[in-house]
Amino acid sequence: MASERFEEIADTFEFLDDWEDRYRHVIELGKAMEPLPEAMRVPATKVDGCASQVWIMPRIEGQGPEARFDFQGESDAMIVRGLIAVLHALYAGLSIAEVLAVDPRAELARLGLNDHLSAQRSNGLRAMVERIHLLAAKARG
């Protein structure tokens, strides 16, 4: 189960044959993202396990499993900022229950990211997904 925005990214990736074009597209997605205010780039929002600096700030409306999940993210690396944008497309606007039901490995595999990211970037992506799931699990109560 993926959001409409994530489906659009998946469709675009199918259209872009060359991985370099896909890589550029991910970077463009990151550039288009709203920046995380400097005041939110604090240890509490920092994601451990990433080679670059990464912050994820949750924005949850409502309570329990039906609450709506959203977040802002930031990174000092352009490709990682793009990966945050991809994760935002995957998770933003879903209910907490839906966030926890998403199979991120399967969804991200549709983009072929695992085949083209360095081991460090893959570990960082995994750390960001784990943080999102942890935030959703906390919000579920």
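How many residues does helix 1 have, and what does it reach from its first C-alpha to its last? I started my notebook here, keeping in mind that this is a predicted model.

**Entry 1: helix 1**

I counted 12 residues in helix 1, and it reaches 17 Å from first C-alpha to last, close to the 16 Å expected at 1.5 Å a residue. Next I looked up burial, which here means under 20% relative accessible area. Phe6, Ile9, Ala10 and Phe13 are the ones I noted as buried in helix 1. Looking down the axis of helix 1, I found these buried residues within an arc of 100 degrees, so they line one face of the helix. On the face turned away from that buried side I noted Glu4, Glu14 and Phe15, which are exposed. I then checked the partners: the buried residues of helix 1 pack against helix 2, helix 3, helix 5 (104-109) and helix 6.

**Entry 2: helix 2**

Helix 2 covers residues 19-32, and its 14 residues reach 20 Å from the first C-alpha to the last, close to the 20 Å expected. Which residues of helix 2 are buried? My list reads Trp19, Arg22, Val26, Ile27 and Gly30. Seen down the axis of helix 2, they fall within an arc of 140 degrees, so they too line one face of their helix. On the other side of helix 2, I found Glu20, Lys31 and Ala32 exposed. The buried residues of helix 2 pack against helix 1 (4-15), helix 3 (78-91) and helix 6 (113-116).

**Entry 3: helix 3**

Helix 3 turned up in both partner lists, for helix 1 and for helix 2, and I took it next. It has 14 residues and reaches 20 Å between its first and last C-alpha, close to the 20 Å expected at 1.5 Å a residue. Why is helix 3 largely enclosed by the rest of the structure? I found 13 of its 14 residues buried, so the rest of the structure largely encloses it. Gly93 follows helix 3, and I noted its positive phi, near 90 degrees.

**Entry 4: helix 3 against helix 7**

Two packed helices are described by the angle between their axes and the distance between the axes, and I looked up both. The axes of helix 3 and helix 7 (residues 119-140) come within 11 Å and cross at roughly 35 degrees. I logged the crossing of helix 3 past helix 7 as right-handed. From helix 3, Ile79, Val80, Leu83, Ile84, Leu87 and Tyr91 meet Arg121, Leu125, Met128, Val129, Ile132 and His133 of helix 7. By class, I recorded 10 nonpolar, one polar and one charged residues in this contact.

Notes:
Residues numbered from 1 in each chain as written. Predicted model: local features only at pLDDT ≥ 70, side-chain atom pairs only at ≥ 80, totals over all residues. Heavy atoms only, no water. Helix = DSSP H or I, 4+ residues; strand = E, 2+ residues; numbered from the N terminus. Expected span 1.5 Å × (residues − 1). Buried < 20%, exposed > 50% of the residue type's maximum accessible area, 1.4 Å probe, protein only. Arc of directions from axis to C-beta. Contact = heavy atoms within 4.5 Å. Axes fitted to C-alpha atoms, helices over the stretch in contact; angles between N-to-C directions. Left-handed = near helix turned anticlockwise from the far one by under 90°. Nonpolar A, V, L, I, M, F, W, Y, C, P; charged D, E, K, R; others polar.
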